Amino acid sequence: MMKQLFPIRHVMGYLASLVLSAAALIVIYGDLSSSANMVVLLVTALIQASLQLFVFMHIGESADSKKELYLNIAYAMFVALVTIFGTLFIFVWGWYA
Amino acid sequence: MKIDASKPLEYSTEENSNKIFGFWVFLGAEIPLFATLFTVYFVMVNRFASGPSGSELFEIGPVLMETFLLLSSSFTIGLAVHAMRLGYKKATMVFMAITLLMGLAFVGIEIDEFFTYVHEGATLQTSGFLSSLFVLLGTHGLHVSFGFLWGVGIMIQLWRRGITPATANKTFIFSLFWHFLDVVWIFIFSFVYLKGLM
C-alpha cells in the first residue's frame, strides 16, 4: 500500500525540485559572475516549472483537447514573455533609460 | 450523465473534461497576470528611494522555509490525486490535509515577513521597489490563502460524499491550482529573493 501511494515518478519529481532549489543557492553562496548567476536561476527555474507542468499537473493527459490546451498555455507564456522582456527592453536595458 | 469508464473519474463525463479544460484556460489568464506583476517589479527593483534595497531587506531563512513548504505541499497534493485515482478516500484526505496545513504555514511565514518589513520601516508607500514587491508577493499569498479555503471546502465534500465524478473533478482542478501557485513561487524565489540577495 505504501509503495502504491508513493509513485516513483512523483517522488523523483519532488526530490529533483528540492535539489534544483538547493542548487540555485549557488548564486548567493558561490562566486560566479552575475551573468552566470542569471543563467543558473533561469535554468533551475525553468526545469522546475516544467517538472510541475509535466510530472504533477499531467498537462499531456487529456486526450480530447490536448492540442488546444498546449496552444492556450503556449500563447499565455508568449504574452508573458513579450510583456516582461518588451518592458525590460524599453525601460531598463537602455532604449528609453 | 454518460460515464466513460476508460478515463479517470475526474475526466469521466463531458462536463468534467470541459471543466478541466476550462480551468487550464483560467490558468492561461493567470500567467499574464503574474507576468505583469513581475514586469512592474523588475522595472522598480532599483528604485528604493530612501528605503531599503532587496539585499538589505531579504532574509534567506524564512524564504527557504516557504520554498520547502510550497514544494512539499505541491508534492502531497500530487499524491492526493494519485491516491484518489486508486480509490483510497482516506489517503486522499490525509494528503490533502497535509497540503493545506503546509499552505497555512506558508501564509503564516509570509504574514510574519510582511510585519517584519513594516517594522523595519519598509511599507507599501516607502518606495517603488516596495510597492511592487508587496503587490507581487501579496497577490501570490492571496491566491494561497484563497486556495486554503477552497481546499477545506473540497475536503468537506470528499468526506461527506466520497470519491464521485463530481468531487474527483473538483479535487483534480484544485490540484492544478495548487501546482500553479508553486510554479509562480519558483519564479518569486529565483528572481525576487535569490536575485535580490545575489
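The axes of helix α2 (residues 8-24) of chain A and helix α3 (residues 60-86) of chain B come within 10 Å and cross at roughly 170°. That makes α2(A) roughly antiparallel to α3(B), a label for angles over 145 degrees. On the α2(A) side, the contact is made by H10(A), Y14(A), S17(A), L18(A) and S21(A). On the α3(B) side, T67(B), L71(B), F75(B), G78(B), L79(B) and H82(B) make it. Two residues are in contact if their C-beta atoms, placed from the backbone, lie within 7 Å. Axes are lines fitted to C-alpha atoms, for helices over the stretch in contact, and angles run from 0 to 180 degrees between N-to-C directions. Helices are DSSP runs of H or I with at least four residues, and strands are runs of E with at least two, numbered from the N terminus.

This is a predicted model: local features need pLDDT of at least 70, side-chain atom pairs count only at pLDDT 80 or more, and totals for chains, interfaces and linings use all residues. Residues are numbered from 1 along each chain as its sequence is written, while chains are lettered from A and ligands numbered from 1 in the order in which they are written.

Now the wider interface. In total, 39 residues of chain B are in contact with 38 residues of chain A. On chain B, the elements giving two or more residues to this side are α1 (14-44), α3 and α6. The largest share, 14 residues, comes from α1(B).

Helix α6 (residues 165-197) of chain B has 33 residues, which should span 48 Å at 1.5 Å a residue; its end C-alpha atoms are 47 Å apart, which agrees. The expected span is 1.5 Å times one less than the number of residues. α6(B) bends by about 30° at F189(B). That bend is the angle between axes fitted to the seven residues ending there and the seven starting there. α6(B) is mostly covered, with 25 of its 33 residues buried.

Burial counts other C-beta atoms, placed from the backbone, within 10 Å of a residue's own: 20 or more is buried, 12 or fewer exposed, in between partly exposed.

| Residue | Phi | Loop |
|---|---|---|
| A49(B) | about 45° | between α1 and α2 (54-57) of chain B |

H58(A) counts as partly exposed because it has 17 C-beta neighbours inside 10 Å. A49(B) has 10 and so counts as exposed.

Definitions and conventions: Angles under 35 degrees count as roughly parallel, over 145 as roughly antiparallel, 65 to 115 as roughly perpendicular and the rest as oblique.
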